[in-house]
Each structure stands twice: as C-alpha cells, then as structure tokens.
Amino acid sequence: MKDDEPFLLNDPDRLKALAHPMRRRMLTHLNLHGPATSTTLGELLGAKTGTTSYHLRQLEKYGFIEEIPERSTGRERWWRRATLPRDMRLPTPNELAPEDRPALEEFHRIGYEEDRVLFERFPAAFRADPAWARGSRGLARMTKEELNEFYEAYIALLMKYGHPADEAPPGSRPVYVRMFTLPADED
C-alpha cells in the first residue's frame, strides 16, 4: 500500500490492540523519541518490565512495532515503530460488528482524553513559542459532501507538509495536529 492511500483500521483485533492507554503511550514515545527497550519504556511509564514486554508483544503481533534485531542482544530487545501508512482511518460504527463497537468507542475515549491534555497545555505552549503553537476555531455551514471534501483536503495538507521522522528536513520538529468536526446545536 502506498503511503498516500488511506488505510482503514477495521480489523477489530488491531483496533483493540490500540485501545489501551499504555500501548498508546508506548507508541507515542517510539514515534517521538525513536527506538527503546521494554526496560526503558517501563521506567518512563512507571510500569514493570513484564507489563511493558506484554504490551510490546501485543503491538508487535498486530504490526504496529517491530524488533530491531541488529540492536537486540540476549534478553535486551529493542523496538521501533513499524512503517505504517500515515493516513490511517477508523471505521464508522456500522462498519463493525456490534460486539466490536466498544473497542472503537474505547479508542475514541482514550484519544480524546489525550487531546484534552494537549488542549490544556496549549496556553503555556503558546506563551512559550507562538510560532510553534497555532490554534484556530471556527463555525461553518457545509453540506455532508462539502464536509467530506474539506476533510480530504485537510488530510492532503497533512500528507504534504508532514514528514516521517527519517525524511524530515532540518529544523523540523514533531507537532501535534488535531482536527475534529461535530454538528452544532441549532436551538
């Protein structure tokens, strides 16, 4: 699959693997800071090595991370984020069996809790360096078709200006980018 093609994360087991807070924190760490061991991640996340090893094996099982064999020795295994399409999309609830929908809801709950923490950090980040902390809020009237076009254009912009870590130009740094829409109450 090409990197610019959307990848639908509709496998319930893969979705469940990502609907766990510790696994999400591990993936974030590997994405931001590069390879790590179970011990390193355990120390950073305040977890026992056995716990982090279990979660790393789950992430490996579903293709989200991979071992770095040339760096691993004996019992020390090094892990990195697997190469995945950057445009990963979630299924709608009706695209999943009813028994798999709670995993999607948990995925969203964990993700939006992460986003809430980011939103709380925004004012301080803006004070510290407004060139790197940008915000926009708006209200627009659109048809469903226009909203879909807007969403696709947004994703295209992320693909155009966002770079994988190994391809990022000098002066690049990771930035969190969030976009969500929901219908406004009209009463």
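Reply: A pocket here is an open set of grid points with protein on both sides within 12 Å along at least five of seven lines. The model is a predicted one. In it, the second largest pocket holds about 220 Å³ of space. Its lining consists of T37, S38, T39, T49, S53, L56, R57, R75, E76, R77 and W79. Two elements, α3 (38–45) and α4 (49–61), each give two or more residues to this lining. The most comes from α4, with four residues. Sorted by class, the lining has five polar, four charged and two nonpolar residues.

Helix α4 also packs against α2 (residues 21–33), at an angle of about 75° and with the axes 10 Å apart. α2 is therefore roughly perpendicular to α4. On the α2 side the contact is made by M22, R23, M26 and L27, and on the α4 side by T51, T52, Y54, H55, L56, Q58 and L59. The residues of this contact comprise six nonpolar, four polar and one charged.

Next comes the sheet. It is open, with three strands in the order β2-β4-β3 and antiparallel pairing. β2 (36–37) and β3 (65–67) are the edge strands, each pairing on one side only. β3 and β4 (residues 78–81) run antiparallel and are joined by three bridges. In β4, W79 stands opposite E67; W79 is also one of the pocket-lining residues. α4 packs on this sheet, where it touches β3 and β4, and its direction makes about 105° with that of β3.

Notes
Residues are numbered from 1 along each chain as its sequence is written. This is a predicted model: local features need pLDDT of at least 70, side-chain atom pairs count only at pLDDT 80 or more; totals for chains, interfaces and linings use all residues. Side-chain values use heavy atoms; hydrogens and water are left out. On a 1 Å grid over the protein atoms alone, a cavity is a set of points where a 1.4 Å probe fits but cannot get out, and a pocket is an open set with protein on both sides within 12 Å along at least five of seven lines; lining residues have an atom within 4 Å of a point. Grid points are joined across faces, edges and corners, and a volume is the space filled by probe spheres set on the points. Ala, Val, Leu, Ile, Met, Phe, Trp, Tyr, Cys and Pro count as nonpolar, Asp, Glu, Lys and Arg as charged, and the others, Gly among them, as polar. Axes are lines fitted to C-alpha atoms, for helices over the stretch in contact, and angles run from 0 to 180 degrees between N-to-C directions. Angles under 35 degrees count as roughly parallel, over 145 as roughly antiparallel, 65 to 115 as roughly perpendicular and the rest as oblique. Contact means heavy atoms within 4.5 Å. Two strands pair if DSSP finds at least two bridges between them.
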